[in-house]
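Visitor: I am new here. Could you show me the structure and take a few questions?

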Amino acid sequence: MSWLDAVLLLIVAATTAVASERRIAGLVVGVGGALALRPLLALAQLQPWLGIVGALVVGLALALVGRQLLPAAPRYARWPRLLGGLGGALLGFSIVVTLVTSLPIQRNPVEPGLIYYPPRDLPAPLQRAVAESSLVAFGRSVLLFPLLDPQGGIDAGERPVMSALHAWTVIGEPWREQTVRAEP
């Protein structure tokens, strides 16, 4: 475990706490954000700025729906806070899985089929944190699930979870994409 794991877990804790405070609106934003993740990732694959604008529009729409259209629960009731916290935890988990599966893939110039994830050419302080991170190792298993599963790199009990997370957060086969380089 590294300091990067602590930061990523802090993201989950913060979204859970904020959504818990927002009660039912937090549930709507959390669940809606998690459901909108795949289409937003596909939009960002086409054009990153479209993905950012789309995420802002979806987030604002979900916040307005949660705030205006759903009835407010009594302030003394605990169940709205629990539901909001559940939505926030789901959104936080979604963000973390997306982050740990979105590091760049490094290709070996000598052997074109050999890839490294996480990349080995990150700045020194970040490289050590990424190499020691349990969550980045989990993200590697999610991202490269189709490559690791036939090789026996995934336990039988983890296959359904890894397969679902891969289908939910990974667009296409990023390990096959080639970088286009401009010739001078």
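Guide: Here are some questions and answers on this predicted model.

Visitor: In what order do the elements of the protein chain run from the N terminus on?
Guide: The protein chain holds eight helices and two strands. From the N terminus on, the order is α-α-α-α-β-β-α-α-α-α.

Visitor: What share of the residues of the protein chain counts as buried?
Guide: A residue is buried when its relative accessible area is under 20%. The protein chain has 184 residues, and the buried share is 36%.

Visitor: How far does helix H1 reach from its first C-alpha to its last?
Guide: H1 covers residues 3-22, which is 20 residues. At 1.5 Å a residue, 28 Å is expected. The model comes close to that, with a reach of 29 Å.

Visitor: Why do the buried residues of H1 line one face of the helix?
Guide: The buried residues are Leu4, Asp5, Leu8, Thr15, Ala19 and Ser20. Look down the axis of H1: they line one face because they fall within an arc of 160°.

Visitor: Which exposed residues does the face of H1 turned away from its buried side carry?
Guide: The buried residues of H1 pack against helices H2, H4, H5 and H6. The face turned away from that buried side carries exposed residues, and these are Leu10 and Val18.

Visitor: Which residue just after H1 takes a positive phi?
Guide: H1 ends at residue 22. Just after H1, a phi of about 60° belongs to Arg23.

Visitor: Which residues have the most contacts inside the largest nonpolar core?
Guide: That core has 13 residues. H6, H7 and H8 each give two or more residues to this core. Apart from it lies another core of eight residues, including Leu4 and Val136. Inside the largest core, the residues with the most contacts are Ile105, Leu143 and Leu144.

Visitor: Leaving aside neighbours within four places in sequence, which residues is Leu144 in contact with?
Guide: Contact means heavy atoms within 4.5 Å. With the neighbours within four places set aside, Leu144 is in contact with Ile115, Tyr117 and Trp175.

Visitor: Is Thr169 buried or exposed?
Guide: Thr169 is found in helix H8, residues 159-169. Among the residues Thr169 touches are Leu37, Val97 and Val142. The relative accessible area of Thr169 is 7%, so Thr169 is buried.

Visitor: How many Å from a polar atom of the side chain of Thr169 does the backbone oxygen of Leu165 lie?
Guide: A polar contact needs a pair of N or O atoms within 3.5 Å. The backbone oxygen of Leu165 and a polar atom of the Thr169 side chain lie apart by 2.8 Å.

Methods
Residues are numbered from 1 along each chain as its sequence is written. This is a predicted model: local features need pLDDT of at least 70, side-chain atom pairs count only at pLDDT 80 or more; totals for chains, interfaces and linings use all residues. Side-chain values use heavy atoms; hydrogens and water are left out. Helices (H or I, at least four residues) and strands (E, at least two) are DSSP runs, numbered from the N terminus. Buried means under 20% relative accessible area, exposed over 50%, partly exposed in between (1.4 Å probe, protein chains only). A polar contact is a pair of N or O atoms within 3.5 Å; within protein, one must be able to donate a hydrogen and the other to accept it, and residues adjacent in sequence count only if both atoms are side-chain atoms. The expected span of a helix is 1.5 Å times one less than its number of residues. The arc is that of the directions from the helix axis to the C-beta atoms. A nonpolar core is a set of buried Ala, Val, Leu, Ile, Met, Phe, Trp, Tyr and Cys residues joined through side-chain atoms within 4.5 Å.
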